[in-house]
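Here are a few notes to go with your first look at this one. Have the viewer open while you read, and go through the points in order.

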Amino acid sequence: MSNKLIITAAICGAETTRKETPHLPVTAKELGDEARRCLEAGASIIHLHVRKPDGTPTQELGFFRDAFIAIRDACLELPIIQPSTGGAVGMTFDERAQPLELCPEMATLDCGTVNFGDEIFVNDLPMMRAFADRMVKIGTIPELECFDLGHIHNAEILIKEGRLRGHCHFDLVLGVPGAMNGSADSLFKMVSSLPAGATWTVAGVGRFELPLACVALGMGGHVRVGLEDNIFYRKGELSKGNAPLVERIVRIARELGREPAAPDEAREMLGIAKNRKNKIKFE
Ligand code: KMH
Ligand code: ZN
């Protein structure tokens, strides 16, 4: 089993605004350039949301296609482009599913309804089943996003129903107000509840991003950082983009004897065939 570290860069998100940070990439060109900087810094997965020019979150296919092309054209080596099927709170299944038209190598599959700040992010089981079936049909690997302990058990329902076969990769998102908090104890509980053989990434929200990443590095997990989850480099200091957050994780990981995985190494660790990228529908 590889000791390498898969770093996901969540470069844009649906909630972070340009008002909060001027470093947020919004246009396809900005997303492409930001993905290149993150790849060069050591990320192998780009978790992707897209925006309209005024910054409004959207799941429209055209915006995703433009961003996919911009990322492909900007990067020397193609990272795993992982579009969100979560979108923004309040979007319908049909809206959210649009990026699957591009046959991505990987996409998020949100594993349960959850309080999301003052709002509710709805992911009922019928919706989860529909996303899982669509992804299996087109050969897209789901990243099972869990915001709470019960979400892992929801994913297990999909596994028991035979909807998810093969390797499972989880993204444990901790620190969303209203969901599982950002303590190390929460991470331990989540990890000890995962099905045998699963791999996992931690995404700590806000001030929990760095400490949870450090815990995950020591536990053998993988790490997600980026302006979707956290806009600060340190207290009171905005991160000048996503790459400085990736670079810091690489420095810490190397001290612990963990090298960042290149995209093809990450593909192998996640059970994505090397030539699967040829099936992405860029045009
Ligand atoms: N924007 C959040 C409501 C995902 O990407 O799948 C949902 C989200 C999860 O970001
Ligand atoms: Zn997301």
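1. Start with the shell around ligand 1: its residues split into four nonpolar, six polar and four charged. Keep in mind that this is a predicted model.

2. Who sits around the ligand? In total, 14 residues surround ligand 1, and the closest are Glu15, Ser84, Gly87, Thr108 and Asp110.

3. Now zoom in on the oxygen atoms of the ligand. Ser84, already listed among the closest residues, has a polar side-chain atom 2.7 Å from an oxygen atom of ligand 1. His49 also brings in a polar side-chain atom, at 3.1 Å from a ligand oxygen.

4. How much of ligand 1 does the protein bury? Taken alone, the ligand exposes 300 Å², and the protein buries 98% of that. As for where ligand 1 sits, the space it takes is the largest pocket.

5. Is Cys103 buried or exposed? Cys103 counts as buried, because its relative accessibility is 11% and the cut-off for buried is under 20%.

Key. Residues numbered from 1 in each chain as written. Chains lettered and ligands numbered in written order. Predicted model: local features only at pLDDT ≥ 70, side-chain atom pairs only at ≥ 80, totals over all residues. Heavy atoms only, no water. Near = heavy atom within 4 Å. Polar contact = N/O pair within 3.5 Å; in protein donor to acceptor, adjacent residues only side chain to side chain. Areas by Shrake-Rupley, 256 points an atom, 1.4 Å probe, with all protein chains shown as cover. 1 Å grid on protein atoms, 1.4 Å probe; cavity = no way out; pocket = protein on both sides within 12 Å on 5 of 7 lines; lining within 4 Å. Sits in = over half its atoms within 2 Å of the grid points. Nonpolar A, V, L, I, M, F, W, Y, C, P; charged D, E, K, R; others polar. Buried < 20%, exposed > 50% of the residue type's maximum accessible area, 1.4 Å probe, protein only.
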